[in-house]
Amino acid sequence: YGTSTLLIVTAGLVPVLEEFVFRGVLLRTVSRHFAFWFAALLQTAFFLVWHEHVSAYPVLAVFALVAAYLGRWSGGLLAPIVLHATWNALVAFALVGWARAVERML
């Protein structure tokens, strides 16, 4: 459905839903019963499995831990959502740019 739909979904809908699930529900629930950093590592593991991109695991792990820290530091989900939306928008723009460059070469 085009670049606009890609951006709306990847930089709008996905960050809100994933941050709610991973940092809002999972991280907060586990951190009620265990130390925060244990909960952060656990939600990071689930975040990695959810994304299934083994080659991107190091970057995704750092991302998930930073998002967890931002959520704790800010006391809410807005900061991790903004981080996630910005990251996804940059990736989407890069992918669209690369796709258009390849199309021009063909």
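Author: Glu19 is buried, with a relative accessible area of 0%. Before we go on, this is a predicted model, where local features need pLDDT of at least 70 and side-chain atom pairs count only at pLDDT 80 or more, while totals for chains, interfaces and linings use all residues. Residues are numbered from 1 along each chain as its sequence is written, and side-chain values use heavy atoms, with hydrogens and water left out.

Reader: Which helix is Glu19 found in?

Author: Helices are DSSP runs of H or I with at least four residues, strands are runs of E with at least two, and both are numbered from the N terminus. Glu19 is found in helix α1, residues 3-31. The protein chain has four helices and zero strands, so to speak a plain α-α-α-α pattern along the sequence.

Reader: And which residues is Glu19 in contact with?

Author: Contact means heavy atoms within 4.5 Å. If you leave aside neighbours within four places in sequence, Glu19 is in contact with Gly24, Phe63, Ala67, Leu77, Pro80, Ile81 and His84. There's also a polar contact, which is a pair of N or O atoms within 3.5 Å; within protein, one must be able to donate a hydrogen and the other to accept it, and residues adjacent in sequence count only if both atoms are side-chain atoms. The side chains of Glu19 and Arg23 make one of 2.8 Å.

Reader: Which residues make up the largest nonpolar core?

Author: In soluble globular proteins, nonpolar side chains tend to be buried together. A nonpolar core here is a set of buried Ala, Val, Leu, Ile, Met, Phe, Trp, Tyr and Cys residues joined through side-chain atoms within 4.5 Å. The largest has seven residues: Phe22, Phe47, Leu48, Leu60, Ala61, Phe63 and Ala64. The elements giving two or more residues to this core are α2 (36-51) and α3 (57-74), and α3 supplies the largest share, four residues. A second, separate core has six residues, including Leu27, Val30, Ala39 and Ala68.

Reader: What does Ala64 touch, not counting residues up to four places away in sequence?

Author: Ala64 touches Arg23, Gln43, Thr44 and Phe47 on that count.

Reader: How about the protein chain overall?

Author: Of its 106 residues, 32% count as buried. Along its principal axes, the C-alpha trace spans about 55 × 25 × 20 Å. Among contacts between residues at least 6 apart in sequence, 61% join residues at least 24 apart.

Definitions and conventions: Buried < 20%, exposed > 50% of the residue type's maximum accessible area, 1.4 Å probe, protein only.
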